[in-house]
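Please find below a note prepared for a colleague who is meeting this structure for the first time. The sequence and model are shown first.

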Amino acid sequence: MLIKISVHELKETLTKILSVVDKKNTRLILNFIQIQASGNKIEMTATDLEVSAKVTANCIVEKPGTFCVNAKNIFDIVKELPEKELTIELPEGSNNLKLTCGSINFTLLIYTSEEFPHLQFGTNANEFKLNTFQILEMINKTSHAISNDETRLFLSGIYLQEIDGKLRAVATDGFRLALVETELSNNKIEALINGIIIPKKGVAELKKIAEAYPDHQIGISVDESFIYLNANNTYLLAIRLIAKEYLKYQAIIPKKTNNHADIDKNSFLNAVRRIKIMANERSNGVKLIMKEGEMTVAANHPSLGDAFEKFPINYSGKEFEIGFNAKFLMDILSIFGDEDIRMEFNNELSPAVIRSTKNQNYLCIVMPLKL
């Protein structure tokens with residue numbers, strides 16, 4: 001095999017797939033990427049058998065070929081090379097790959113592709129398309145609520161479901177919940193009627209493919225075990241779905257709330273960020289005290305002291321106190337733009353709903369703390 005490719009192009013391609021490789025995998029071949037060159041294209045594939053990625057780039061192919069090379073090793077080399085043309089040569093019958101960039105030379109040991117897993121990257125049975133801004137909105141507004149508890153596997157991802165012509169994304173860790181809906185050009189997506197759960201690593205790779213193709217459409221298809229994504233036939237993903245039933249999240253969302261306050265998001269976020277300094281490290285708790293026209297954010301640290309900050313809000317109910325994890329509040333508030341948010345609640349023990357006063361397609365639920 002003999003090809004020529006710009007160092008920049010190769011570095012960009014490797015960057016897209018390197019995070020798929022599981023460096024702790026005991027199966028040696030999964031630390032490698034498969035490289036195939038033919039027809040003036042180079043195709044690189046990586047997998048940990050849960051998430052797989054295939055990326056295609058332009059190059060000059062003088063002799064086609066296929067081989068596997070250690071992913072981290074080749075990336076560490078390429079990122080240190082000058083932005084010039086790189087020659088990659090694999091002499092016939094050899095297992096030594098030669099990299100030449102000007103006066104710089106490396107030789108890498110390679111494996112044949114026979115041991116590399118055979119991967120599938122799509123099914124045409126139920127393909128639909130989403131704009132990348134829709135994908136990013138769903139991820140950016142829900143991923144903070146994905147659970148890190150490995151014993152509750154069904155919560156360690158984002159749940160996607162088609163409901164009434166809208167695609168709903170939900171994430172919850174049992175202490176908070178985020179839900180966002182986006183309009184679909186398709187009236188119904190049969191594959192998502194019963195919902196699917198995309199695992200956390202798959203969500204990260206999904207975000208990467210959306211960021212690589214801003215304002216493009218991504219082809220998406222689903223089978224019993226995988227979701228497949230296709231960006232311009234040059235960046236493909238296959239993500240194994242979590243084979244569990246998702247939590248009945250609708251039960252967490254209050255059907256009715258008795259009180260609400262309209263609050264300037266920036267004032268609220270800045271106050272929580274400041275007062276959190278004096279919160280107890282264990283609970284991270286801050287207290288919200290609401291009375292007509294005013295909110296107070298307060299915290300007390302048993303060995304350091306206390307702090308509070310007041311600012312105006314639009315609230316006309318009875319005086320009310322409720323405690324929350326400050327980090328959870330900050331995660332939620334950071335997602336909203338420079339706008340007023342509405343906080344809805346029933347009592348100091350029931351979950352509070354936070355949503356935009358303008359955009360009704362997104363809401364968050366946060367459970368209170370006893371302080």
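1. Basis of the note. The structure is a predicted model, in which local features need pLDDT of at least 70 and side-chain atom pairs count only at pLDDT 80 or more, while totals for chains, interfaces and linings use all residues. Residues are numbered from 1 along each chain as its sequence is written, and side-chain values use heavy atoms, with hydrogens and water left out.

2. Salt bridges overall. Side chains of opposite charge can pair when their charged atoms come close. Searching the whole structure gives 21 salt bridges, each being a side-chain nitrogen of Lys or Arg within 4 Å of a carboxyl oxygen of Asp or Glu.

3. Lys201 and Asp48. These two side chains form a salt bridge with an N to O distance of 2.7 Å. Because Lys201 belongs to helix α4 (residues 200-212) and Asp48 to the loop between β3 (41-47) and β4 (51-58), the pair ties together parts 153 residues apart in sequence. Helices (H or I, at least four residues) and strands (E, at least two) are DSSP runs, numbered from the N terminus. Asp48 is buried, at 12% relative accessible area, whereas Lys201 is partly exposed at 30%. Here buried means under 20% relative accessible area, exposed over 50%, and partly exposed in between (1.4 Å probe, protein chains only).

4. Lys166 and Glu183. A salt bridge joins these side chains at 3.8 Å, N to O. Lys166 lies in strand β12 (residues 166-172) and Glu183 in strand β13 (residues 176-183), so parts 17 residues apart in sequence are tied together. Lys166 is partly exposed at 29% relative accessibility, and Glu183 is exposed at 52%.

5. Arg176 and Asp331. The closest N and O atoms of this salt bridge are 2.8 Å apart. The pair links distant parts of the chain, with Arg176 in strand β13 and Asp331 in helix α6 (residues 326-335), 155 residues apart. Arg176 is buried, with a relative accessible area of 9%; Asp331, at 22%, is partly exposed.

6. Packing of α3 and α4. Helix α3 (residues 132-142) packs against α4 at an angle of about 145°, the axes being 9 Å apart. Axes are lines fitted to C-alpha atoms, for helices over the stretch in contact, and angles run from 0 to 180 degrees between N-to-C directions. In contact (heavy atoms within 4.5 Å) are Thr132, Ile135, Leu136, Ile139 and Asn140 of α3 with Val203, Leu206, Lys207, Ala210 and Glu211 of α4.
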